[in-house]
Each structure stands twice: as C-alpha cells, then as structure tokens.
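Dear colleague,

Please find the structure below, together with its sequence.

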Amino acid sequence: MASLHLPCATTPSSQTRSSSRPVFAKPSHFITHAKRGRCLQVSCAAAENQNDSSRNVETSQGKVDRRNMLLGLGGLYGASNLVSAPGASANPIKPPELDKCGTATNLNNNTQLDINCCPPLSQNIVDYKLPPVFQMKIRPSAHRLSPEYIFKYNMAIDRMKRLPKDDPRSFMQQANIHCAYCNGAYDQPGQGTLDLQVHNSWLFFPFHRWYLYFYERILGKLIGDPTFALPFWNWDNPKGMTIPPIFVDPKSALYDENRNQANLPPAVVDLGMTRNTDPLQVVANNLTIMYNEMIRGNSDIYDFMGQPYREGTPVNPGPGASERGSHTAVHVWVGDPRQPSGEDLGNFYSAGRDPLFYCHHGNVDRMWSLWQYFLPSKTVPDKRITDPDFLNAAFLFYDENAQLVRVTVKDTLDNLRMGYDYERIDLPWLDYRPPPQTVAARVTRAGKSAAKAETVFPLTLDKIVRVLVPKTKKGKADELLVLENINVDTTKFLKFDVFINDEDDNIAELDKAAYVGTYAQVPHKTANKSATTSIRLKLTDLYDDMDVADDDTILVTLVPRHQGPGVTIGGIKIIENPTPAPPKTS
Ligand code: C2O
C-alpha cells in the first residue's frame, strides 16, 4: 500500500521512493464539499488495520482513501498540470545571507527599537534531506493533552530555555528566527535593500511549516523523544476557542506574561476582532470566518495561499485568506496591549517569544493541510502550486543537531512526507453557511448614504464607508470583489471587514450572508513602513444566499476594526471570475 502514496516528485527520489519508507501511521481529518451536509470522512486504508486510538467525531457519510484521493487529483506535479501564476516568472526567493543580517526594527507608535535578532553564523550549510518516516508524529490538540504529555512538553521547553544563549536551538534564538525573517533583518540576496519577508505572500505557509518542523525536532531531541509532536491550538472549534489552559499557569515553562490579560480563559477568541461581548455570537462569528476563509471566499489557489513572491518582488504582494484572517486575529488578540507594540504575539519581532506562538501556528499549518488535502473545491481542483519560483524558494534553519541547513518550499507540500499529522478533531465550520438573506437592502435604503465607487477612491479608511460598485452582469453572476492598491502602514495593527448588501448593519455580527471577508495584518517592519497589497473576495457562492435579483450594482460596506488611519484603498471593482467553476457534477 505504501507505494500508492504519491511522494513529492520534486524531492530526490532516493529518499521518497525508498522501499523501506513506511506507510502512514494514522488517518486524519475530514473531507468535505462546500455544500451543506455533504462531507466525507477521509481515512487511510493502511491505518485502518491499526489500532487507531485518536478520537474521531463522525460527521460524514462515506469514506475515501486519502492516498487514492491524492492520486485521483491526477498528476499533481506533472508538467501538464502547471498552475499559471499571475506575474511573469522570475527566480525563486533565495535564502538570506546570514553574515549580512542587519538590525531588525520594531517601528510602532513612532518609537524605534533596534533589535539584534541575527542568528549565530556558520560556514557550513547542508542541503536538508527529509529523513525517511518510520513513525508518524501526531500533533495533538492542546486542549486535550494527557498529564504525561504536558509534563514532557514543559520539560522540553524548559530545557530549550536553559540552552546557552548562543546555541541556535535555544529559546531566544528560536524566537529570533521569526524576528529576523519578518522584521526586516534580511535583504533579498542580490536585490539591494529590498527586504526579505515571509509573510503576506505564498511563502507564508511553507516558511512556518519548516519553522515548526525544526522547533519540534529540537524539542524532541532535548527530551530524547524523537516522536515528540507539538500541540496545536484548536481555535477553529468551539471547544478550543480559549487560550489552552496549559499556557496560563505561571509556574509553567509555557507561560508568558506578555499577553492581553482580558483575553485569558475563559475569554473566547475573537477571530473577527469585532469586540462583540456575547460569547455565543463570537463563536458564531468565528465559525463563519472559518467557513469563509476555508471554503467560500477563495476563487483560486493564490486566494488561499497568498500571492506570488519572487526574487525582486517588493514585500507583501498579498496575504491569503487564512493568513490575513484567523491567523492575524489570534496574534493580535493575544498580544499584550500594556506593551508598546503588542508584544509578544502581537508583533512579528516578538511573537516567537511566547510558547503559544508555535501552538497557534500548529493550527495555522493544520488549516493548510486540511485545505490542501481534504477540501475538494469546485473552483480550485488542484491545491498545489507548481510554479518553480514557489517550489524552489529556500530558507535557512538550524536543525536539531545545530547544523545549519538549507530547505526548500517543495519539501513542505506534504506534511505526511515530513513525518507528522494532526489529531482528528471535528470541523464544525465545514457546513457553517450563513442563513440566506431574503430581504435586499440594496441600493434603495443604503443608497442614501452610499457614494459611487468612482468618487471615493483613493480612500483613507478610518470610519465605516459605503460604496456602490457596478457588477459585471446583472443578478447572480460568477464574480469577484477586488480591492486594489491597499496601502498599509505595516507598523500598525490594521483590519477591515467587507460586507455586501448588508441589510441590518450590525457590524459585530458576521454570521450572515452579507459578510464577505477581511483584510488584516500583524504589525511588522518593512523598509519604508508601508506596503501596497491587494485582495480578492469571491462573491459567487454568496449571491446564492442573497436576493440580488437583477441588480447591476452592489452596495459594499467597509468596516475598519482598528483605530485611526493607516490604510488607504486605491479602488474597488467587481470582475468576472477568471477561474470559473467547472460544471457541477451532482
Ligand atoms: Cu510569522 Cu503568525 O507569523
């Protein structure tokens, strides 16, 4: 059965095709359709024979062999299957030159703090080869850990904190990886002073996957347990929507005092940053956000993964739905408002200093895995980018033996090949489609306060703004809403939500058809404190739940969730979906 698994063809065949490579240890996750009530459970035939002790909540109607599904996607890496990326092909992002690492800067509130977060140097860089997988590590939900696991995890972090300061595996050095890659310490090699940045683009998921991969291996090594797997913060499930209790015990190595004290348990994580005070409504908002960023809002692979970022590309070409949505919200929600820049989690330079960061990113990484393998989409049939500028982008990390290694994006595409999987947890957002909106607010009522799109842009978004945007076709068309030339002050937390034809104007409730999506960012530094980015939000499925009749105009409401200026939007338009859905088969 093992031979059925499709390895990354782009990884050296000597490793991936090795006949001694074991089969998967465990089945995982769920598969779904965007349609209500039509989800299938994915399992792994090889694993079904084993004693699977992981808890599984049945929400499905049938089973699909995961590997057959992978195969069924057909020629995942075949040249005939290239996903063409927007923008001309250039070269992949090169790994940073560590000896040219500069001072990172934390620019916020006009105070400038120079931070040295450069790693120790090493002349000896080895190309990293994924080792064969003999036993799949299963990352557990942080809310469901056994006392033995908690003890081990604590001990591992404690030992990491006790390593010598200049050991690249020590706690601060590990935290500094994030600072250096994310707050401007590195320039792109050979590109002048152009920053190297791993957020707000297609590098977001792969970079963080590698980061956690080595972090996990280092922890395992420190406690002599190569099977050690990082926990994930299951914030997408109501049972996981508080900070996991293991992180809030002041005596624990997992504790960090730089957190928002108002958001400690039992506070419910607010993925929408709506400041709604009703916890049940916050849960409803969260599930809607998950449904939106995982299922309804993406038209192509880049809408989810983030926009292409190649050698010579300016930073922040555009974050994917998950990065700018739930990911950003958790950072900012946990960050401590008593600190000047929302430290620790609320700013990229300090985020890695909170052990909770790695647990949060476990779930972010899990979202990538879920989306990639288990969410067959009508519109994004192949969930992998095959652009060589993506696959060959490279980073440097120190491995568990303090060896500096060069890794590439192509080796991250399959978490099973990397030797880990996630505990299966119910995904209550799968079918969390908001109720239909039957009464159209449309242009009549709201039109009174709405401006015409031509007249308001560029727009500094510091209050709620309503604009009328022409459709490409009347009624329920296959369309995207594009927000372009979004100029952001990168040093600030910024977020705005987008609604269309919102009938009730209750901006603290997101569980309605009118909610389209969000833009949000974690504060970080870029060379000139600003970046220009864009997002696309798919409207097609949302029209199904709205009375758009034969309208040829949509009312767009932009709701800032941050205070003050910091974001200017260049324009809004509705375009026809350039990657239309294949014909429905059912
Ligand atoms: Cu590198 Cu959550 O950020």
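**Cysteines and disulfides**

C182 is buried, with a relative accessible area of 0%; buried means under 20% relative accessible area, with a 1.4 Å probe and protein chains only. C359 is likewise buried, at 0%.

Please note that this is a predicted model, in which local features need pLDDT of at least 70 and side-chain atom pairs count only at pLDDT 80 or more, while totals for chains, interfaces and linings use all residues. Residues are numbered from 1 along each chain as its sequence is written, and side-chain values use heavy atoms, leaving out hydrogens and water.

The structure holds two disulfides, a disulfide being a pair of cysteine sulfur atoms within 2.5 Å. In one, the sulfur atoms of C101 and C118 are 2.0 Å apart. The link is left-handed, with -85° about the S-S bond. C101 lies in the loop between α3 (66-72) and β4 (104-108) and C118 in the loop between β5 (111-115) and β6 (125-127), so the pair ties together parts 17 residues apart in sequence. Helices (H or I, at least four residues) and strands (E, at least two) are DSSP runs, numbered from the N terminus.

C117 and C179 form a disulfide with a sulfur separation of 2.2 Å, and this link is also left-handed, at -65°. The pair connects distant parts of the chain, 62 residues apart: C117 is in the loop between β5 and β6, and C179 in helix α5 (residues 171-182). Both C117 and C179 are buried. C182 is in no disulfide, and the nearest cysteine sulfur, that of C179, is 7.9 Å away.

Yours sincerely

Terms used: Buried means under 20% relative accessible area, exposed over 50%, partly exposed in between (1.4 Å probe, protein chains only).
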